[in-house]
2 protein chains.
Amino acid sequence: MATPPAIELLQQTSLTTLVQRELERRILGGELVPGAKLIEAEIAAELGVSRGPVREAFRALEQASLVRTEKNRGVFVRQVSLEEANEIYEVRAALEGLIGRLAARRIRPEQVEKIRAVVKKMHAVGRRGGQPGDAIAYYPLNVEFHGLLVEAARNRALQAYYRRIVNELDLYRRETIARSAENIPVSTRDHEAIVNAVAKGDEKLAERLLYEHVIESRERLHRALAKPARAA
Amino acid sequence: MATPPAIELLQQTSLTTLVQRELERRILGGELVPGAKLIEAEIAAELGVSRGPVREAFRALEQASLVRTEKNRGVFVRQVSLEEANEIYEVRAALEGLIGRLAARRIRPEQVEKIRAVVKKMHAVGRRGGQPGDAIAYYPLNVEFHGLLVEAARNRALQAYYRRIVNELDLYRRETIARSAENIPVSTRDHEAIVNAVAKGDEKLAERLLYEHVIESRERLHRALAKPARAA
DNA sequence: ATTCAGTAGATTGTTGACAATCTACAATCA
DNA sequence: TGATTGTAGATTGTCAACAATCTACTGAAT
């Protein structure tokens with residue numbers, strides 16, 4: 001007998017996981033900015049739980065490098081410096097290269113179609129030209145694109161590491177408020193070339209393209225940061 | 001005024017981190033085997049703390065994928081299947097390749113010397129031939145070799161991810177009791193070639209050699225597992 | 001004015017107790 | 001015999017209280 005989903009949820013979900021997910025959402029969603037202090041009692045009261053589960057969630061988030069803990073001082077949303085971001089980008093590029101290689105080897109036709117559909121939507125956004133809000137529309141498409149790719153690579157460990165590293169970099173973007181700058185849809189051509197390489201099963205090419213894609217987006221981000229900050 | 005190390009330790013170390021470190025030690029040291037159940041009260045009593053810190057440590061270890069938690073059932077040392085190990089090896093190979101590339105680019109002369117010294121010791125162990133205990137002597141040297149390399153790559157994020165992945169694979173070795181088989185010092189020649197490539201600053205070569213080194217050691221492990229288990 | 005010690009409040013670290021859930025075994029019934 | 005129900009003990013999930021530490025402020029002394 002299959003367990004109903006509602007029951008399963010209750011069986012698997014503790015208050016700690018709930019708190020953890022909620023805090024994760026707030027951090028990655030920008031509600032909690034890097035450097036912000038997380039006060040146990042405050043969060044506990046807000047979510048209607050005691051401090052125990054909150055503390056446990058903190059420990060998990062710390063290990064996921066989303067927060068930093070100072071003993072007797074408190075827990076803070078992690079701040080990623082430029083140097084750290086550069087290091088993380090290096091790792092991400094390598095992982096992304098592996099994703100390209102494996103995806104080219106293992107992707108299935110229907111997955112190719114799904115990704116092509118996303119690229120098509122990206123094109124649509126890109127054609128509108130620099131309208132305000134384009135970056136906001138473009139960002140989730142970009143996330144979906146890379147998400148579908150890593151799924152096609154069919155490697156759970158890789159997927160887990162990839163998610164983690166993307167989260168870390170997200171933290172950096174938040175900190176620099178370079179969000180809009182990074183998301184200018186200039187890389188749609190990149191994406192098209194990547195899909196083609198993957199669809200053809202050209203492992204070497206897919207690996208190289210994805211690797212370079214990451215390095216480029218790093219450069220693009222840096223250039224955006226070098227410019228004086230525009231009005232928010 | 002510089003803070004004395006003893007004070008600093010007390011300032012930074014909470015019971016939770018202490019418990020976490022101790023459990024990590026026991027898991028990676030083989031004292032706690034994959035699948036073993038960790039009972040909160042038992043560990044708490046043994047370490048002389050209450051259950052709170054133990055639970056927090058569990059959450060951290062879970063996020064580090066060293067243990068698996070089942071709600072209301074308990075916490076267990078994680079078991080890594082053959083399929084998972086294969087996936088993890090793929091990721092490790094990519095990371096190791098990056099390590100080679102970066103180390104070749106950034107290593108300093110004194111670091112080269114240190115690594116060469118380790119390889120020399122490996123040779124010494126290797127020349128003794130298949131004496132019992134060789135694997136035990138070889139293993140820490142191998143760990144040190146790779147540890148020095150990742151240090152030479154000068155990328156903290158990479159180092160963190162690398163440590164994590166090595167731990168995960170360690171779990172797999174423990175589970176299969178393939179320890180001795182994996183540590184046969186057949187790869188000393190590999191190591192020599194790797195040091196040379198890194199010392200020369202040949203990024204491409206170092207990357208390729210390290211990548212293949214990991215893939216080979218995976219194959220070696222699999223071959224060892226295919227053989228019937230020898231007497232412990 | 002500036003520095004310093006001292007204090008009150010806020011916040012974190014740790015603990016023990018209680019409630020909810022699971023596990024293993026005994027008793028019951030078909 | 002075998003399956004099922006029902007308990008008792010063990011274990012986990014959650015909470016509230018206490019202790020330790022930090023922070024911000026006050027006021028005195030230089």
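Helix 4 of chain B has 13 residues, which at 1.5 Å a residue should span 18 Å, and its end C-alpha atoms are 19 Å apart, so the two values agree. The expected span is 1.5 Å times one less than the number of residues. Helices here are DSSP runs of H or I with at least four residues, strands are runs of E with at least two, and both are numbered from the N terminus. The model is a predicted one: local features need pLDDT of at least 70, side-chain atom pairs count only at pLDDT 80 or more, and totals for chains, interfaces and linings use all residues. Residues are numbered from 1 along each chain as its sequence is written, while chains are lettered from A and ligands numbered from 1 in the order in which they are written.

The buried residues of helix 4 of chain B include P53(B), V54(B), F58(B) and L61(B). A residue is buried if 20 or more other C-beta atoms, placed from the backbone, lie within 10 Å of its own. Their cover includes helix 2 (15-28) and helix 4 (51-63) of chain A, along with helix 2 (15-28), helix 3 (40-47), strand 2 (67-70) and strand 3 (74-77) of chain B. After helix 4 of chain B comes S65(B), with a positive phi near 55°.

Helix 4 of chain A and helix 4 of chain B have axes that come within 8 Å and cross at roughly 35°. Axes are lines fitted to C-alpha atoms, for helices over the stretch in contact, and angles run from 0 to 180 degrees between N-to-C directions. Among the residues that make the contact are R55(A), E56(A) and R59(A) from chain A and R55(B), E56(B) and R59(B) from chain B. Two residues are in contact if their C-beta atoms, placed from the backbone, lie within 7 Å.

Across the two chains, 27 residues of chain B are in contact with 27 residues of chain A. Of the side of chain B that touches chain A, helix 5 of chain B supplies the largest share, nine residues.

The DNA strands come next. DNA strand C is surrounded by 18 residues, the closest being E40(A), L15(B), S50(B), G52(B) and N72(B). A residue counts as near a strand if its C-beta atom, placed from the backbone, lies within 6 Å of it. DNA strand D is surrounded by 19 residues, the closest being L15(A), S50(A), G52(A), N72(A) and E40(B). Helix 4 of chain B gives the most to the surface near DNA strand D, with three residues.

Key: A residue is buried if 20 or more other C-beta atoms lie within 10 Å of its own, exposed if 12 or fewer, and partly exposed in between; C-beta atoms are placed from the backbone.
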